[in-house]
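Please open the model in your viewer and keep the sequence panel beside it. The stops below are meant to be selected one after another.

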Amino acid sequence: MKVLIVLTNVEKYDNIERPTGLWLSELTHFYDVLVKNKIEADFVSPNGGYVPLEPKSILDMDQVDWTYYQDEDFRNRALGQTLRPDEVDPTEYTAIYYAGGHGTMWDFPGSEKLAEIGSAIYKNNGIVSAVCHGVVGLLPVVDENGQSILAGRKVTGFSNEEEELNGTTNNVPFLTEDSLKEKGADYQAGKAFTEVVHADGRLLTGQNPQSAHLLGEKVVAELTK
């Protein structure tokens, strides 16, 4: 049993001088649940190699974040030397998890190789999960019939309200909520910046950074049924 964790390589907004990257707690809080349940994970990014961190996500780290941020092996595997998609064999994984951070909006949807990996894991009866902006990695993922796995499914992800509250509505290439709806998803948002997770079969999604831990628990529960 092994989980593939997908992370962004994008370090700045495309149209403004503002840094971005992975939102650290969306990685650490999910991964912590795996570790405590003795479930292995590998880390991949669209280009492989270095994963930049969203600066805001390291301004207010909790103990879980610090535990992994100070772990050299973890930093090397998850942040310094992620796998390239062509180094990944989808048949080795029972689940895939797309972590967020605004950087994902520029490199997740257009990565054909990541889409192929996610689709392969899903078609092999694996679990597909994503949190916050990471859900945009699901946009190109399809089922065995070539149909979007989002169509008609109850999902969540970073809401238009949260993007507005974050002051980034006009700086992103598209809105996460709108993109899910355009794929035919039954998008459901809870109160902004509170823990919200939805499970629809083998598709599990979390709304925001606050949802990463609970999403991890739901994925583990599904894996260990």
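This is a predicted model: local features need pLDDT of at least 70, side-chain atom pairs count only at pLDDT 80 or more; totals for chains, interfaces and linings use all residues.

Residues are numbered from 1 along each chain as its sequence is written, and side-chain values use heavy atoms, with hydrogens and water left out.

**The helix pair**

Select helix H1, residues 24–36, together with helix H3, residues 72–80; helices (H or I, at least four residues) and strands (E, at least two) are DSSP runs, numbered from the N terminus. The two helices pack at an angle of about 125°, and their axes are 13 Å apart, where axes are lines fitted to C-alpha atoms, for helices over the stretch in contact, and angles run from 0 to 180 degrees between N-to-C directions. That angle makes H1 oblique to H3, since angles under 35 degrees count as roughly parallel, over 145 as roughly antiparallel, 65 to 115 as roughly perpendicular and the rest as oblique.

Now show side chains: on the H1 side are Leu-27, Thr-28 and Tyr-31, and these meet Phe-74, Arg-77, Ala-78 and Leu-79 of H3, contact being heavy atoms within 4.5 Å. The residues of this contact divide into five nonpolar, one polar and one charged; Ala, Val, Leu, Ile, Met, Phe, Trp, Tyr, Cys and Pro count as nonpolar, Asp, Glu, Lys and Arg as charged, and the others, Gly among them, as polar.

Most residues other than glycine have a negative phi. Lys-38 counts as exposed, at 76% relative accessibility; buried means under 20% relative accessible area, exposed over 50%, and partly exposed in between (1.4 Å probe, protein chains only).

Then select Phe-193, in the loop between strand S6 (186–187) and strand S7 (197–200), which also is not a glycine and has a positive phi near 55°. Phe-193 is partly exposed, with a relative accessible area of 33%.

**Individual side chains**

Move to Thr-176 in helix H7 (residues 176–182), a buried residue with a relative accessible area of 1%. Not counting residues up to four places away in sequence, Thr-176 touches Met-105, Cys-132, His-133, Val-135, Val-136 and Phe-158.

Ser-211 comes next, in the loop between strand S8 (203–206) and helix H8 (212–223), and this serine is buried, with a relative accessible area of 0%. Beyond its neighbours within four places in sequence, Ser-211 is in contact with residues including Val-131, Glu-195 and Val-197.

End in helix H8 at Leu-214, which, not counting residues up to four places away in sequence, touches Glu-195 and Val-197. Draw a C-alpha to C-alpha distance from Leu-214 to His-29: the two residues are 185 residues apart along the chain, and these atoms are separated by 8.7 Å.
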